[in-house]
Amino acid sequence: MVNYISSISVDISSNDVGTNPEVNSKINRELTTLFKDMGVKSTITNITGDDIVITSQVPEGLVNEVNQSVFKLLHKYAESYDDLNGVSITPEDADEGVSYAIAKTESQYGDSIIISFDTYCGESFVDEVALFVEEIGKRYGYDCSSSVSNTPKEIHGIGYSGITTDDPVVIITLKEVKDLKKIAGMIYGGLLAFDNVYYVKKGSAIEIMPPGVIYTMSAFLNGNSIDLYEGIKKRINF
């Protein structure tokens, strides 16, 4: 059976710089039981500025249902509905909304890397940065997906987000967990070439002087989320 990794990135925060830890905790707690009888593993993988990313390992045929359930859960706990309300059932009416990526996984454990970006001023170069990360994965033969699109992006089971959505998410699925170190290192090193792009720890608020972009990088392994910040920090001693 084909399995997919589905990531939904959304701002449901009451402010523009950070998230509410209590809301995040409630969402994660419900995710542990929401899909337990469906063979689905789901958790918050990234918290980047005021955006959270819910990532799920989903068997083929259940993607629409799982996305719909995640969307309802976000509505339940949202402090702000701007991104959620930006999603439309038709591409013509889609506005700035949820960022979405989906990729096939060859690993039975759903091994993958999730990279999430956040901007304060909607910096347009963030799309270039996200596509650069996606290209790294493609170059080495991994299945990849980003939310960046020059047409309204379809979110399976939910609707469409508009092209003005500016906080991208990228998925790179791994064939073997040993590939994680190589790909994560190349992403970190490659993004050093971009001005005003900052690697931050999961849960960090936007504490930079605009214009700028922050990003987090997480491993999604057998339904568990591991922030890669500390691991990369130890390897390069920064």
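## A hairpin to begin with

Within strand S3, Ser56 is the bridge partner of Ser42. That pairing belongs to a predicted model, in which local features need pLDDT of at least 70, side-chain atom pairs count only at pLDDT 80 or more, and totals for chains, interfaces and linings use all residues. Residues are numbered from 1 along each chain as its sequence is written, and side-chain values use heavy atoms, with hydrogens and water left out.

Strand S2 (residues 41-48) and strand S3 (residues 51-59) run antiparallel to each other, paired over seven bridges. Helices (H or I, at least four residues) and strands (E, at least two) are DSSP runs, numbered from the N terminus, and two strands pair if DSSP finds at least two bridges between them. S2 and S3 make a hairpin with two residues between them, and Gly49 in the turn has a positive phi of about 60°. Because seven of the eight residues of S2 are buried, this strand is largely enclosed by the rest of the structure. Here buried means under 20% relative accessible area, exposed means over 50%, and partly exposed is in between (1.4 Å probe, protein chains only).

## An enclosed strand with two partners

Let's move on to strand S9 (residues 169-173), where five of the five residues are buried, so S9 is largely enclosed by the rest of the structure. In a regular strand the side chains alternate between the two faces of the sheet. In S9, Val169, Ile171 and Thr173 point one way while Val170 and Ile172 point the other way, and all are buried.

## Salt bridges

Side chains of opposite charge can pair when their charged atoms come close. How many salt bridges does the structure hold? There are four, each being a side-chain nitrogen of Lys or Arg within 4 Å of a carboxyl oxygen of Asp or Glu. One of them joins Glu30 to Lys76, with the closest N and O atoms 2.6 Å apart. Glu30 lies in helix H1 (residues 21-34) and Lys76 in helix H2 (residues 63-77), so this pair ties together parts that are 46 residues apart in sequence. Glu30 is partly exposed at 22% relative accessibility, whereas Lys76 is exposed, with a relative accessible area of 54%.

Another salt bridge links Glu230 and Lys201, whose closest N and O atoms are 3.3 Å apart. Glu230 sits in helix H6 (residues 229-236) and Lys201 in the loop between strand S10 (197-199) and strand S11 (213-221), so the pair ties together parts that are 29 residues apart in sequence. Glu230 is partly exposed at 29% relative accessibility, and Lys201 is partly exposed at 40%. Lys178 and Glu176 also form a salt bridge, their closest N and O atoms being 3.9 Å apart. Lys178 is exposed, with a relative accessible area of 61%, while Glu176 is partly exposed at 44% relative accessibility.

## A negative patch on the surface

Asp16, Asp82, Asp95 and Glu96 gather in a surface patch of negative charge. Patches are made of residues with over 30% relative accessible area and no salt bridge, with like charges joined within 9 Å and nonpolar side chains (Val, Leu, Ile, Met, Phe, Trp, Tyr) joined within 5 Å. Is Asp82 buried or exposed? At 60% relative accessibility, Asp82 counts as exposed.

## Backbone points to check

Most residues other than glycine have a negative phi, and most peptide bonds are trans. Asn196 has a positive phi near 60°; this residue is in the loop between helix H5 (179-191) and S10 and is partly exposed at 33% relative accessibility. Asn222 has a positive phi near 55°. Asn222 is in the loop between S11 and strand S12 (224-227) and is partly exposed, with a relative accessible area of 34%.

A cis peptide bond, with omega about 5°, joins Pro210 and Pro211. Pro211 is in the loop between S10 and S11.

Technical notes:
Accessible areas come from the Shrake-Rupley method with a 1.4 Å probe; for residues, only the protein chains shown count as cover. Lys and Arg count as positive and Asp and Glu as negative; His and the chain ends are not counted. The place of a charge is taken as NZ of Lys, CZ of Arg, CG of Asp or CD of Glu.
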